[in-house]
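Me: Hi! I have a model open and would like to talk it through with you. Could you start with the terms you'll need?

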Amino acid sequence: MSSFFARARRKRELDEEIRAHFEMAVRDRMARGESRRDAERAARLEFGNVDNVREDARAAWGGMWMDRFGRDIRFALRALRKRPAFSLSTILILALGIGATTAIFSVVNGVLIQPLPYPESDRLIELQHQNGGNDDIAASTALYFTYREHNQTFDSLALWTSGTAVVTGAQQSEEVQSLDVTHEFLPTLGVGPALGRGFSEVDGQPGAPLTVVVSAAYWERRLGGAEDAIGQSLVIEGEPYTIIGVLPASFRFVTEQVEILTPMQPAPGVGGTAMFGSFGERGIARLKPGVTLAEASADVARMVPIARETFPPFGGDARDDLNDFGPNLQPLKARVVGDLDDVLWILMGTIGLLLLIACANVANLQLMRTDARLEELSIRAALGARFGAIARSLLAETVLLGVVGGAAGLLVATLGLPLLLSAAGEYLPSVLEISIDGTVLVFTLVVSLLSGLVLGFLPLMKHGLPGLTATLRAGGRAFSQSRERHRARNLLVISQVALALVLLVAAGLMMRTFQSLRSIDPGFDPSPQVQTVTIPTGSVPDFARAVRSLSDIQGGLSQLPGVESVGFASMVPLGGIGPNTGAFIEDEPGAERLVGNFELRFVSPELFETVGTPRVTGRDVSWTDVYDADRPEAAMVSESFAQRQFGSPEAALGKRMRRTPEGRWIEIVGVVGDIHLEGVDRPAPDTVYFTLRNEVAQYVSRAVTFVVRSQRVGTPGFLDELQRAVWSVDSSLPLTGVHTLNELYRRSMARTSLTLVLLAIMSTMALGLSLVGIYGVIGYLLSKRTREMGVRIALGAHYAGLKRLLLGQVLAPVVVGVLLGLGLAAALARAAQSLLFGVTALDPATYAVVAMTLVATAAVSGYLPARRVMRVDPTEALRVE
Amino acid sequence: MNQPDRIEVLQTTLDLIVLQTLRWGPNHGYGISQLVGVNSDGRLHVKTGSLYPALHRLERKAWIQARWTTSEQNQRVREYRLTAAGRKQLAKERSRWEQLSLAMAQILAGPEGGRA
């Protein structure tokens, strides 16, 4: 840019230099006795063409293209200003297309392209495993010790688990999000503390003094951001921890919100607590430079048998169910992105289609525009303008349009992105930072320039120089339109129709998906009348006492006015992923078998009644089952579990199971309906429900979620009453996770509804744009044929016949476009299969409805201009031109 | 404009002429064109159309340097002066020119040329 200004200054100086020369020459001549007029004339003659001198001198500076470029832009600006309607509509269409593309791309950029804020993050992987059909098995301390000692492909590896912890102290007790990690965790990610130190190997030794690293936000909020916070003590879950460091403010870990990091202290090696066969921790690793995922997988596959031989089996000898156990390593990025990448790439693809439609529309305007200017261009060609010069000036116009459209599009994107993000709010991981950054700006610029160039080349390819000179000869008065010109327009109509059809089919399939999700029985009552509140009980040191408190709270809550029923569980439906485990089942006395891969939840009496899950057979668990040590422990199972394991719900009643070979027997007392625990679009898993009497409950979760059914949910004061009822039992218990079952239900469908909303918006835009395009093209074609129609009518053609002729010509490209679009949609829809539910990618009904809609609307938008032409008076028509 | 007794200067020799002219001291475009006329007894004529492009070309090659100054007649003019690089270039061009003219003279004076 500075060279641009320098250039302008030099131009002024050159002018002054030439003027000085001229004046000196005149003065010399006048000194020799010539009159002023003669002197000036002679000096001018001697000087020659000033413009040429100027040009040549400038040429000596180099960089002539800058001048030419400036001239082309000025010329283009003038040309565009002269036709404001054309320019504005073009810019508007481009702004919408480019704006939508930019907004979606900034999401794609934030989520898919730069999701991990760590150095060399592509070397980070998640240590995930698979066994049989289950490909989402985490890691464990046994695997950690084995990999740490024997691996050849990792720079480092670490374990982590996430959870909540209650921090007590001088201030009110508070539940915080915590990560329990091995000491290599931060170095593996490549993150150092902003203040103090990270964990050392000593911090990770069993029995070592407890230490904690806090997040920058927690440090600011609770510790006043003071440097001397390092070394102070925090009471977490009743134990004193020494604060040793503060994380940088930018720290994020995949989708977890982190407030404190505590060190995991696994007892090392054989003889510790590590066993092969339980997988409670998640693992991450940093690959050595240059190591591929496949090489790391091979390395892990080699080490799994070592772990199997080194560590005692979890749950006794009978672990044949882990025979297929092996690696299923994933890039860590996949954990953030999850199933988002399908949605986003598909949205990106559809938005690309929308941009194409917008460009086709503008190209169409551009073609008409060029037709109207053919005479001007031909004259310029005849006067000796080179083809290159004409092409350059046309391209300058369209590129200018593209850039202005892009700038307007950026505005559209800036305004639209917050809307998009709030619509997607429940679905996008909130830890990601999505904004219009440098990458997005470059993307927008490239898209704008490309659309500008494409738009400019279209008329050029159609006409070329020979075309221009031919037109000049015909005087722009060709009697009827030539075949080639028809072909270009028809092609535009065909491609618009085809692309719009693809988008409409996508939206249609999403709508069907949404319908089938809605029609699925989730296994509970997704009612706004059911309130959920999560209560962490970690601050109650004694588990038995915590259970007492919980049952007291349940009693207290059910006394509240307007409350119909109250229950609680370790995790409510759609409330998150719980433990997946196995147990020994007794078919008949003496005959036990190990059954794996079912969901385990802990429930209170009345839970199923409250969430609205029907009891298929048997009875509900009761508080007597929990407290009466003389009675056998009771459990309930899901219908599908009973079906699979015992053949029928009735057969399950009275059967017994236990967690370990020598464990206590637990009797199945009831069977309840299947619940889609992990999402409506996921199958309802086989599930076993224990009571809080089972000792495992305290290790699985110290936070339980209460569900309260009442007509008063959502009314002011109701939550306060709940809170007071809880505090009247134990005032140290915080309330978190306040939702209704309905919210959880809607959130589980957020992906589908988000995709549906976006696709609906885009396909409506696409349909609108293509209808406008079709209307425009056909209207223009017909108006050019007004004379021909006049002649036909004058020669006695029948109106009905003419109407058929015109409509046929209108509909032919539409039908071709629909057929092409159907093929294209069928090919592309397969890619979107993973987003669909309860509908196939080739759903005939959707395709038929969309195709018919498109043909019908296209026929109408073509018929309107056709009718106008038919009404024309033949004598008028012949006089028009 | 092309009087018969004036010789049009070839583009290639123009550089040499301009550099040589500036050896007498800094000068502006008009002054240079006048000096060339005077120094060649009016035989050589530099077209302004070639002079200014040549000046800007030489400036770009850093053989001459320009600055704005005021002439004796109180006219703001752009004055050019030789740079050290220009001086070196001048020496090189001169020796090439001398060799060329020597060669030309030989050719023209030779048996063939004698007839002219």
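Reply: Happy to. Two strands pair if DSSP finds at least two bridges between them. Helices (H or I, at least four residues) and strands (E, at least two) are DSSP runs, numbered from the N terminus. This is a predicted model, where local features need pLDDT of at least 70, side-chain atom pairs count only at pLDDT 80 or more, and totals for chains, interfaces and linings use all residues. Residues are numbered from 1 along each chain as its sequence is written, while chains are lettered from A and ligands numbered from 1 in the order in which they are written.

Me: Good. In what order do the three strands of the open sheet in chain B come?

Reply: The order is β2-β5-β4, with antiparallel pairing. β2 (27–28) and β4 (64–70) of chain B each have a single partner strand and stand at the edges, so one side of each has no neighbour in the sheet.

Me: How many bridges join β2(B) to β5(B)?

Reply: Two, and β5 of chain B covers residues 76–82. B:N27 has B:Y80 of β5(B) as its bridge partner.

Me: And how many bridges join β4(B) to β5(B)?

Reply: Seven, again antiparallel. One place to look is B:Q65, which stands opposite B:R81 in β5(B). β4(B) and β5(B) make a hairpin with five residues between them, and B:N74 in the turn has a positive phi of about 65°.

Me: How many helices and strands does chain A have?

Reply: Chain A has 27 helices and 24 strands, and 41% of its 881 residues count as buried. Among contacts in chain A with a separation of 6 or more, 83% are between residues 24 or more positions apart; the corresponding share in chain B is 50%. Two residues are in contact if their C-beta atoms, placed from the backbone, lie within 7 Å.

Me: Where do the two chains touch, then? Which elements give two or more residues to the chain A side?

Reply: The contact takes 20 residues from chain A and 16 residues from chain B. On the side of chain A, α1 (2–31), α2 (36–47) and α3 (50–61) each give two or more residues.

Me: Switching topic: is β14(A) enclosed or open, and why?

Reply: Seven of the seven residues of β14 (residues 530–536) of chain A are buried, so this strand is largely enclosed by the rest of the structure. A:V530, A:T532, A:T534 and A:P536 point one way, while A:Q531, A:V533 and A:I535 point the other.

Me: What does β14(A) pair with?

Reply: With β23 (residues 703–710) of chain A, antiparallel over seven bridges. In β23(A), A:T705 is the bridge partner of A:T534.

Me: Now helices. Which residues of α9(A) are buried?

Reply: A:A296, A:V300 and A:A307 are buried in α9(A). The buried residues of α9(A) pack against β1 (124–126), α6 (141–150), β11 (282–287) and β12 (326–327) of chain A.

Terms used. Buried ≥ 20, exposed ≤ 12 C-beta atoms within 10 Å, placed from the backbone.
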